[in-house]
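The paragraphs below walk through a single protein model. Please keep the sequence and the 3D view open while reading.

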Amino acid sequence: GERRTFTEPELLALLTGEPNSQKLGPMIKEVLRLGLLTGARQNELCSLTVDRVVVPDNPEQLWGIKVTEDVAKTDNSVRTIPLHPLVRPIIERRLAAALATGEPDAPLFPECPPGGEENKRGWTFSKHFLRYRKAVLGKAGRGTDFHSTRRCFSTFMEIALAHGATACTATVHDHLVGHHSERLAVNTYAAKQFEWPLYSDAILGMVDKGLPESVRAVLNQKAHTETFKDR
């Protein structure tokens, strides 16, 4: 059937539900949060390693995550995405754990070993997320999958732009999700890469003016809990 975004009630159910697996539950919900606020694909997120986390020298700038050529779906998918403060604690905590292993390319999500015909980490995650989605949403969740987080991201960007978040343009959106723009003028004349503050403003504006208030409240509550635990 036709694939679609998650509805607001579905997002709230997924963000607050209790996974059956105590071991994998946190990972499932963390990748879900990252997908919502970065628009990244599941394999792009599950394949994150120590050297794919961008920590700027300027503490006032947003952190970022890199999608490198070896995991990018297309040439346009090679990109760096700013991390909103609501999901940065996830990467901070996992980066610290990965660095503690002493491995230079340690994965941030070791719970997702490579698998499937293409030996991708996203393959392992996909199985667990499918079970969780079915358990939480049941038959009402038909037409959704993890890619629905990318659909939500795009929807939030459009809503934010309509509400005055001027950085959330179609071109910036294409850059962030790794799409090839359909507009000839953009492909021919526009820069292939913009300055980091513009992408950061788009992510901040998307969350501030595009997310449903109920979803933002749940994400904010989780972020505060994670920060308190880290301290």
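The buried residues of helix H7 are Thr-171, Val-172, His-173, Asp-174, His-175, Leu-176 and Val-177. Buried means under 20% relative accessible area, exposed means over 50%, and partly exposed lies in between (1.4 Å probe, protein chains only). Helix H7 covers residues 170-177, and because seven of its eight residues are buried, the helix is largely enclosed by the rest of the structure. Just after H7, Gly-178 takes a positive phi of about 80°.

This is a predicted model, in which local features need pLDDT of at least 70 and side-chain atom pairs count only at pLDDT 80 or more, while totals for chains, interfaces and linings use all residues. Residues are numbered from 1 along each chain as its sequence is written, and side-chain values use heavy atoms, with hydrogens and water left out.

The protein chain has 10 helices and three strands. Helices (H or I, at least four residues) and strands (E, at least two) are DSSP runs, numbered from the N terminus. Read from the N terminus on, the order of elements is α-α-α-β-β-β-α-α-α-α-α-α-α. Of the 231 residues in the protein chain, 48% are buried. Contact means heavy atoms within 4.5 Å. Among contacts between residues at least 6 apart in sequence, 67% join residues at least 24 apart.

Helix H4 can be taken next. Helix H4 spans residues 88-100, has 13 residues and reaches 18 Å from its first C-alpha to its last. That is close to the 18 Å expected at 1.5 Å a residue, where the expected span is 1.5 Å times one less than the number of residues. Pro-89, Ile-90, Ile-91, Arg-94, Leu-95 and Ala-98 are buried in H4. Gly-102, which follows H4, has a positive phi near 80°.

Most residues other than glycine have a negative phi, and most peptide bonds are trans. Asn-119 is not a glycine, yet its phi is positive, about 55°. Asn-119 lies in the loop between H4 and H5. Is Asn-119 buried or exposed? Asn-119 is exposed, with a relative accessible area of 53%.

Two packed helices are described by the angle between their axes and the distance between the axes. The axes of helix H2 (residues 25-38) and helix H5 (residues 121-137) come within 10 Å and cross at roughly 95°. Axes here are lines fitted to C-alpha atoms, for helices over the stretch in contact, and angles run from 0 to 180 degrees between N-to-C directions. On the H2 side the contact is made by Met-27, Ile-28, Lys-29, Val-31 and Leu-32, and on the H5 side by Phe-125, His-128, Phe-129 and Tyr-132. The residues of this contact of H2 with H5 divide into seven nonpolar, one polar and one charged. Ala, Val, Leu, Ile, Met, Phe, Trp, Tyr, Cys and Pro count as nonpolar, Asp, Glu, Lys and Arg as charged, and the others, Gly among them, as polar.

The structure holds four aromatic pairs. Rings of Phe, Tyr and Trp (its six-membered ring) pair if their centres lie within 6.5 Å; planes under 30 degrees apart count as stacked, over 60 as edge-to-face and the rest as tilted. Phe-125 and Phe-129 form a stacked pair, 5.7 Å centre to centre with 20° between the planes. Phe-125 and Phe-129 are four residues apart in helix H5, so about one helical turn separates them. Phe-125 is buried at 0% relative accessibility, and Phe-129 is buried at 2%. Phe-125 also pairs edge-to-face with Phe-146, at 5.2 Å centre to centre and 85° between the planes. This pair links distant parts of the chain: Phe-125 is in helix H5 and Phe-146 is in the loop between H5 and H6, 21 residues apart. Phe-146 is buried, with a relative accessible area of 4%. Phe-125, Phe-129 and Phe-146 form one aromatic cluster.

Thr-149 sits in helix H6 (residues 148-162) and is buried, with a relative accessible area of 0%. Not counting residues up to four places away in sequence, Thr-149 touches Phe-6, Leu-32, Gly-35 and Leu-36.
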